[in-house]
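Here are some exercises on reading a protein model. Try each task first, then check the solution.

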Amino acid sequence: MELRPDAYVWRQVADELISRIKAGQYQPGMPIPAERRLAEELGVAVGSARRAVGVLRDEGWVTVLPQKGVYVRPVEDWPTD
């Protein structure tokens, strides 16, 4: 992922994850990669990945299950654009 200097890194990561969810790379009911793995894969700090996952949770894209992981919500629960 190429980072733009005109936007927050965490927002760019969140947008990338949303794109992957919409494209079917992360299927409903399935977990997304752990924050540390996302950070390594995307070349960002773990804190940026953590904040991006928090944004996805707050926007309704994913559900966080403590000690289990972060799971993509069913399509019917996704926010509308």
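Predicted model: local features only at pLDDT ≥ 70, side-chain atom pairs only at ≥ 80, totals over all residues.

Residues are numbered from 1 along each chain as its sequence is written, and side-chain values use heavy atoms, with hydrogens and water left out.

**Exercise 1.** Find the helix that holds serine 48, and decide whether serine 48 is buried or exposed.

Solution. Step one: serine 48 sits in helix H3, residues 46-59. Helices (H or I, at least four residues) and strands (E, at least two) are DSSP runs, numbered from the N terminus. Step two: the relative accessible area of serine 48 is 18%. Buried means under 20%, exposed over 50%, and partly exposed in between, with a 1.4 Å probe and protein chains only. Serine 48 is therefore buried. Step three: setting aside neighbours within four places in sequence, serine 48 is in contact with Val9 and Trp10. Contact means heavy atoms within 4.5 Å.

**Exercise 2.** Compare the span of H3 with the expected span, then list what covers its buried residues.

Solution. Step one: H3 has 14 residues and reaches 20 Å from first C-alpha to last, close to the 20 Å expected at 1.5 Å a residue. The expected span is 1.5 Å times one less than the number of residues. Step two: the buried residues of H3 are Ser48, Ala49, Ala52, Val53, Gly54, Val55 and Leu56. Step three: their cover includes helices H1 (9-23) and H2 (35-42), and strands E1 (62-65) and E2 (69-72).

**Exercise 3.** Work out how E1 and E2 are arranged.

Solution. Step one: E1 and E2 run antiparallel, joined by four bridges. Two strands pair if DSSP finds at least two bridges between them. Step two: they form a hairpin with three residues between them. Glutamine 67, in the turn, has a positive phi of about 70°.

**Exercise 4.** Which residues have the most contacts inside the largest nonpolar core?

Solution. Step one: a nonpolar core is a set of buried Ala, Val, Leu, Ile, Met, Phe, Trp, Tyr and Cys residues joined through side-chain atoms within 4.5 Å. Step two: the largest has 22 residues, and Ile21, Tyr26, Ile32, Leu38, Leu56 and Trp61 have the most contacts inside it. Step three: H1 gives the most to this core, with six residues.
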